[in-house]
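Hi there,

Here is the structure I promised to pass along. Have a look at it first, and then read on for what turned up.

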Amino acid sequence: MAQIRVVVADDEPIIRMDLRELLEEEGCLVVGEAGDGVTLVNLVRCLKPDLALVDVKMPEMDGLEASRVLAQETQCAVLLLTAYSQKDVVEKAADIGVHGYLVKPIKDSDVMPAIRVALARFSELCGLRERTQELSLRLEARKSLDRAKGIIMEKYGISEDEAHRRMLRASMDSRKPVRDIAEAVILSKLIDQ
C-alpha cells in the first residue's frame with residue numbers, strides 16, 4: 001500500500017508535533033501542518049493529501065467549517081480529532097460529511113484503524129460520485145436520443161424503430177457517436193424553426 005499523505009490541523013503546536021511523530025512512526029507522510037482552518041483548507045487544496053486530521057476548535061475558521069469546505073470539494077478524507085463528544089457536535093460532523101471522528105484523549109492504537117476507515121469511506125464516496133456523474137451523462141444522452149428520434153419521426157412520418165435505425169446508420173456512416181448525431185438532429189430542428 002502507498003504511503004498515506006496527511007495534513008494535520010490543530011491550534012496546539014505540541015499536539016501537531018505529537019500527531020506528526022505518531023503518524024510517521026506508523027509509516028504515514030505528514031505533508032503539512034495547520035494551526036487554523038483557513039490554512040488547513042489552503043494546504044489541502046495545494047498539497048492534495050489523502051487525509052486531513054482535523055481538530056474542531058481552531059481560530060479563524062473552526063475545524064467543522066473547514067471540514068465542510070473540504071468535504072464539499074471532495075478534496076480528501078477528513079478525520080476529526082477532538083475533545084468534543086457532545087451529540088450536537090457529532091451530528092454536525094456527520095451532516096457536513098466527515099469520514100471519521102475520534103474523541104480525545106486517544107490511544108495511539110486508535111489512530112491508524114480510524115484513518116483506514118476514513119480513507120475507505122472517502123474512496124466509496126468518490127466512487128459513488130463518479131458513478132452518479134456517469135449515469136447523469138447517460139441519462140442526458142438518452143434524452144437527446146429520444147428527442148432526436150421524435151424529430152425524425154415527425155419529419156418523415158416513420159416509426160420509432162425506423163428513426164432509431166436511421167440514426168444508427170448515420171452514426172456508422174459518419175463514424176460519429178449516436179449522441180453527436182442526435183444533437184445534430186436537434187440543432188437542425190432549431191435552425192428550421
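Helix α5 has 49 residues, which at 1.5 Å a residue should span 72 Å, and its end C-alpha atoms are 73 Å apart, so the two agree. The expected span is 1.5 Å times one less than the number of residues. Helices (H or I, at least four residues) and strands (E, at least two) are DSSP runs, numbered from the N terminus.

Please keep in mind that this is a predicted model, where local features need pLDDT of at least 70 and side-chain atom pairs count only at pLDDT 80 or more, while totals for chains, interfaces and linings use all residues. Residues are numbered from 1 along each chain as its sequence is written, and side-chain values use heavy atoms, with hydrogens and water left out.

Within α5, Lys143 and Glu140 sit 3 residues apart, about one turn of the helix. They form a salt bridge, with the closest N and O atoms 3.7 Å apart. The term means a side-chain nitrogen of Lys or Arg within 4 Å of a carboxyl oxygen of Asp or Glu. The whole structure has 19 salt bridges.

Now for the backbone. Just after α5, Gly157 has a positive phi of about 60°. Thr74, in the loop between α3 and β4, also has a positive phi, near 50°, although Thr74 is not a glycine. The bond from Lys104 to Pro105 is cis, with omega near -5°, and Pro105 belongs to the loop between β5 and α5. Most residues other than glycine have a negative phi, and most peptide bonds are trans.

On to the pockets. A pocket is an open set of points on a 1 Å grid over the protein atoms alone where a 1.4 Å probe fits, with protein on both sides within 12 Å along at least five of seven lines; lining residues have an atom within 4 Å of a point. A volume is the space filled by probe spheres set on the points, which are joined across faces, edges and corners.

The largest pocket has a volume of about 270 Å³. Of its 14 lining residues, Ile152, Lys155, Tyr156, Val185 and Ser188 are nearest the centre. Helices α5, α6 and α7 each give two or more residues to this lining, and α7 has the largest share, with 6.

The second largest pocket holds about 180 Å³ of space. Helix α1 gives the most to its lining, 6 residues.

Lastly, Leu187, Leu190 and Ile191 make a nonpolar surface patch of about 310 Å², and Leu187 is in α7. Such a patch joins nonpolar side chains (Val, Leu, Ile, Met, Phe, Trp, Tyr) within 5 Å, from residues with over 30% relative accessible area and no salt bridge; the areas come from the Shrake-Rupley method with a 1.4 Å probe, and only the protein chains shown count as cover for residues.

Best wishes

Terms used
Patch = residues over 30% accessible without salt bridge, like charges linked within 9 Å, V, L, I, M, F, W, Y side chains within 5 Å.
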